[in-house]
Amino acid sequence: MKEREIIGRYPYLPVRISISNKPDPNRRLRRVTYNLFKKKGSEFNWDGKNFSNLNQSIGAPIGYVVVKKLKEDHNINANTRHLPAKGLALVADGHLDAYIVESTIGNNLVKKHGLKDKLVEIKQPFASYDWYMMISHQFYNTAPQMADKIWTTLGQVRQEKIPKLIRHYNSLP
């Protein structure tokens with residue numbers, strides 16, 4: 001997130017609350033959780049800190065933050081050649097040990113492509129991140145109250161509407 005601050009700013013907590021200059025979680029767009037999906041019966045596992053029984057490779061969509069995390073934290077190069085639907089199918093066929101994808105997307109793809117009997121989601125998340133809407137420095141410097149109102153409204157809408165929208169999305173065939 002820090003590297004992006006060159007082009008804009010996030011909704012930070014007021015200095016009186018946090019001197020660490022952290023974004024305000026109440027004004028986030030969404031918390032996103034990335035989970036691993038593995039073949040049912042596979043010995044591969046993730047305990048929240050370490051992988052066990054890694055025999056092939058772990059797939060993830062190119063450009064996802066989890067690709068960087070795999071490399072930096074575990075010295076694992078993710079297989080990024082496949083979009084999520086194909087990556088999950090490769091796990092089901094035993095060509096990848098696991099595939100990391102945002103949990104809601106992964107579960108919906110598993111359901112959509114008839115892979116419920118072949119794949120299981122490892123419940124221990126690989127990573128979770130809060131997503132924030134960035135506002136340009138120019139806009140914020142011109143209209144800081146408006147920027148704060150936008151962020152606050154986004155947080156309120158998220159709390160009121162997003163759970164219902166996700167339930168609806170998850171109920172689609």
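Guide: Let's start with a definition: a salt bridge here is a side-chain nitrogen of Lys or Arg within 4 Å of a carboxyl oxygen of Asp or Glu. The model you're looking at is predicted, and the structure holds 7 salt bridges.

Visitor: What makes Asp 148 and Arg 27 a salt bridge?

Guide: Their side chains come to 3.4 Å, N to O. The cut-off is 4 Å, so the pair qualifies. This one links distant parts of the chain: Asp 148 sits in helix 5 (residues 144-171), while Arg 27 is in the loop between strand 1 (8-9) and strand 2, 121 residues apart. Asp 24 joins Arg 27 and Asp 148 in a network of salt bridges.

Visitor: Is Arg 27 buried or exposed, and how do you know?

Guide: Arg 27 has 11% relative accessibility. Buried means under 20%, so Arg 27 goes in as buried. Asp 148, at 27%, is partly exposed, because that class runs between 20% and 50%.

Visitor: What makes Asp 130 and Arg 28 a salt bridge?

Guide: Their closest N and O atoms are 3.6 Å apart, and the limit is 4 Å, so they pass. Asp 130 belongs to strand 8 (residues 127-131) and Arg 28 to the loop between strand 1 and strand 2, so the pair ties together parts 102 residues apart in sequence. On accessibility, Asp 130 comes out at 22%, partly exposed, and Arg 28 at 14%, buried.

Visitor: On to the nonpolar side: which residues of the largest nonpolar core touch the most other members?

Guide: That core has 17 residues, and Leu 36, Phe 51, Ile 58, Leu 70, Ile 100 and Phe 126 touch the most other members. Strand 2, helix 1 (65-74) and strand 6 each give two or more residues to this core, with the largest share, 3 residues, from strand 2.

Visitor: Why is it called a nonpolar core?

Guide: Because its members are buried residues from a nonpolar list, such as Leu, Ile and Phe, joined through side-chain atoms within 4.5 Å. In soluble globular proteins, nonpolar side chains tend to be buried together. Leu 36 has contacts well along the chain: leaving aside neighbours within four places, they include Phe 44, Trp 46, Ile 100, Val 120 and Phe 126. There's also a second, separate core of 12 residues, with Phe 37, Leu 88, Val 91 and Leu 119 among them.

Visitor: Which residues of helix 2 are buried, and what covers them?

Guide: In helix 2 (residues 84-92), Pro 84, Gly 87, Leu 88, Leu 90, Val 91 and Ala 92 are buried. Their cover includes strand 2 (30-39), strand 6 (98-102), helix 3 (103-112) and strand 7 (119-121). Just after helix 2, Gly 94 takes a positive phi of about 85 degrees.

Visitor: And the overall picture: how many helices and strands are there?

Guide: The protein has 5 helices and 9 strands. Of its 173 residues, 36% count as buried. Among contacts between residues at least 6 apart in sequence, 68% join residues at least 24 apart. As for charge, 28 side chains are positive and 15 negative, with the centres of the two sets 5 Å apart.

How values were computed
Residues numbered from 1 in each chain as written. Predicted model: local features only at pLDDT ≥ 70, side-chain atom pairs only at ≥ 80, totals over all residues. Heavy atoms only, no water. Helix = DSSP H or I, 4+ residues; strand = E, 2+ residues; numbered from the N terminus. Buried < 20%, exposed > 50% of the residue type's maximum accessible area, 1.4 Å probe, protein only. Contact = heavy atoms within 4.5 Å. Lys, Arg positive; Asp, Glu negative; His and termini not counted. Charge placed at Lys NZ, Arg CZ, Asp CG, Glu CD.
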